[in-house]
Amino acid sequence: MNPALWIVAGLLAAVALSGGLTKAFMNKAKLDDLGEKSGGGWTMHASTGFVRTLGALEIAAAAGLTLPAVLDIAPVMVPVTAVCWILLMIGAVITHARYEQYKFVALNVVYLAMAAFVAWGRFGPESFSA
């Protein structure tokens, strides 16, 4: 199960980094223009600061899902970050549902389930402290 947890955490980190870099560094007007195609339609109704903050949180999540274990510095932060990602995905599900972007609701539910798997596995049977 350990390899599966590493793979899932790595995939989530890639998703978080990609989304985070986009939100943190792409021009908000360009994000707004992407609209429905990329799931970014909600950005038209959010402040630039809020979008940038979400981007920074996603970049931090990308680091927190992998680096603590790789560097063996506070590896308990991996499942803690996974729990934080679950909370972020709950917000994403609610937001996309409000804008009737149901394919993105489904995608965020998948990310939420992946994070739940990492949190369960790293807090439980494949804990780094065991």
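Residues are classed by relative accessible area as buried under 20%, exposed over 50% and partly exposed in between, computed with a 1.4 Å probe on protein chains only. The model is predicted, so that local features need pLDDT of at least 70 and side-chain atom pairs count only at pLDDT 80 or more, whereas totals for chains, interfaces and linings use all residues. Residues are numbered from 1 along each chain as its sequence is written, and side-chain values use heavy atoms, with hydrogens and water left out.

Helices are DSSP runs of H or I with at least four residues, numbered from the N terminus. Thr-66 is part of helix H3, which spans residues 48–71. Because its relative accessible area is 17%, Thr-66 is buried. A polar atom of the Thr-66 side chain lies 3.3 Å from the backbone oxygen of Ala-62; a polar contact is a pair of N or O atoms within 3.5 Å, and within protein one must be able to donate a hydrogen and the other to accept it, while residues adjacent in sequence count only if both atoms are side-chain atoms. With residues up to four places away in sequence not counted, Thr-66 touches Trp-6, Ala-9, Gly-10 and Ala-13, where contact means heavy atoms within 4.5 Å.

Positive phi values in residues other than glycine include that of Asp-72, near 55°. Asp-72 is located in the loop between H3 and helix H4 (77–98), and counts as exposed because its relative accessibility is 61%. Glu-100, a residue other than glycine, has a positive phi near 55°. The loop between H4 and helix H5 (102–123) contains Glu-100, which is classed as exposed because its relative accessibility is 57%.

Conventions. Helices (H or I, at least four residues) and strands (E, at least two) are DSSP runs, numbered from the N terminus.
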